[in-house]
Amino acid sequence: MKGPEPPSDPQKQTGKALKAMSLVSAVGIDLAAFTLGGYFLGKWLDSKWNSSGIGVALGVVLGVLCGITGIVFIIKAVMEESDG
């Protein structure tokens, strides 16, 4: 039985680790930024509509959906880059 192969190139392994860390960071920042943006947009809408929380709820939901869409695009770009 053959065990796992030893790492071939330490620089290549470090590059992969840094790439994974940047991907995780980008996903977190993307989701947080869109959610916060949605919150503040909703707060602004609440002040314009004289409502109490409907705008914030809609803004946060919209922000999360935009964040998820952004994450899909980030992951898609990384997958295309690693394939080609």
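1. Rings of Phe, Tyr and Trp (for Trp, its six-membered ring) pair if their centres lie within 6.5 Å, with planes under 30 degrees apart counted as stacked, over 60 as edge-to-face and the rest as tilted. By this rule the count for the structure comes to one aromatic pair. Tyr-39 and Phe-40 form this aromatic pair, which is edge-to-face, at 5.1 Å centre to centre and with 75° between the planes. Tyr-39 counts as partly exposed at 30% relative accessibility, where buried means under 20% relative accessible area, exposed over 50% and partly exposed in between (1.4 Å probe, protein chains only).

2. On the basis of these values: this is a predicted model, in which local features need pLDDT of at least 70 and side-chain atom pairs count only at pLDDT 80 or more, while totals for chains, interfaces and linings use all residues. Residues are numbered from 1 along each chain as its sequence is written, and side-chain values use heavy atoms, with hydrogens and water left out.

3. On the helix packing: helix α1 (residues 10-49) and helix α2 (residues 54-83) pack at an angle of about 155°, and their axes are 7 Å apart. That angle makes α1 roughly antiparallel to α2, since angles under 35 degrees count as roughly parallel, over 145 as roughly antiparallel, 65 to 115 as roughly perpendicular and the rest as oblique. Helices here are DSSP runs (H or I, at least four residues), as strands are (E, at least two), numbered from the N terminus. By class, the contact of α1 with α2 has 21 nonpolar, nine polar and five charged residues; Ala, Val, Leu, Ile, Met, Phe, Trp, Tyr, Cys and Pro count as nonpolar, Asp, Glu, Lys and Arg as charged, and the others, Gly among them, as polar.

4. On the annotation: the unreviewed UniProt entry places the feature "transmembrane region" at residues 20-41 and 53-75, and such annotations may be inferred rather than shown by experiment. In the model, residues 20-41 are 100% helix and 0% strand, with their end C-alpha atoms 32 Å apart, whereas residues 53-75 are 96% helix and 0% strand, with their end C-alpha atoms 33 Å apart.

5. On the loop: Asn-50 is found between α1 and α2 and has a positive phi of about 55° although it is not a glycine. At 72% relative accessibility, Asn-50 counts as exposed.

6. Val-78 and Lys-19 are 59 residues apart in sequence and 9.1 Å apart in space, C-alpha to C-alpha.

How values were computed:
Axes fitted to C-alpha atoms, helices over the stretch in contact; angles between N-to-C directions.
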